[in-house]
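I opened this notebook to record what I looked up about aromatic rings and their surroundings. The entries follow in the order of my reading.

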Amino acid sequence: MKKLLILFLLFATVAKADWGKTGHRVVGKVAENHLTDSAKTAIAQILDGKSLALISNWPDEMRSNPDFSKYGPWHYVNLPLDKEYHEVEHNHKGDVIVTINKAIEVLKDDKSTKEEKAFWLKYLVHCVGDLHQPMHTGRSEDWGGSKIKLSFKGRKGSNTNTNLHVLWDTNMIDDYKMSYFEFAHTLEMEGIEKFEQGDAELWAYESHQYAKTIYAEVKDGDRLSYDYLYKNFPTVKSRLYKAGVRLAGILNEVFS
């Protein structure tokens, strides 16, 4: 029983290691705002009416199930700071880029069952979000920044012990104090510079350039506060918005 409890806590901890529930729901909601009618109809049939925002965290929630532990590598791709995706040996267990491309392939295949499409659609929604989080292309030796311990000063004036990965996944978003619906609406209202749709490898390249800067600006034990948030939160918003619009682009093309 004790071993089972330890395993559960381990998986529950790992399950938090990406954009966090709010971030993924923002991506799903932004995508919904940019879907064509045909895409909306197809998605509603596959997901039995559930929204993209609602199912966006399903792959993380399932990581507490030992049967899903094999899918752990699907959420990220570890890259050395001096190498890009096409320059490194790829994980034979898969990675976030492989997962996105496989999901598109399954969703386009008329022979795929509804159950298969639902599984891969949930992973597509989630992994497009993951790939736009810069630290999901971080170094393997520090687990994408997870081993870089930090203190982040929140609005309540208390210091929160965290790490570089979780800071970008969750802490800065939580400090924004908005629901995913409000956040997505704000991003739509603010707008963003024009950007190309691209593909998963391009998105990884973009995230990796941000990751290099993120690593360079902090060190283990740093105490970060409002100045860090002020400087970096525009990047968080940009990556979330691009992920949502690009996800919609994929789905509109798949279900055209």
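I first noted that Phe183 and Phe233 are both buried, where buried means under 20% relative accessible area, exposed over 50% and partly exposed in between (1.4 Å probe, protein chains only). The model is predicted, so I kept in mind that local features need pLDDT of at least 70, that side-chain atom pairs count only at pLDDT 80 or more, and that totals for chains, interfaces and linings use all residues. Residues are numbered from 1 along each chain as its sequence is written, and side-chain values use heavy atoms, with hydrogens and water left out.

Entry on ring pairs. I took rings of Phe, Tyr and Trp (its six-membered ring) as paired if their centres lie within 6.5 Å, with planes under 30 degrees apart counted as stacked, over 60 as edge-to-face and the rest as tilted. I recorded 14 aromatic pairs by this rule. Tyr176 and Phe183 make a tilted pair, at 4.8 Å centre to centre with 50° between the planes. I found Tyr176 and Phe183 both buried.

Entry on a cluster. I listed Trp58, Tyr71, Trp74, Phe119, Trp120 and Tyr123 as one aromatic cluster.

Entry on charges over rings. I required NZ of Lys or CZ of Arg within 6 Å of the ring centre and within 35 degrees of the ring normal. The charged end of Lys122 lies over the ring of Trp58, 4.6 Å from its centre. I also noted Arg139 over the face of Tyr215, 3.9 Å from the ring centre.
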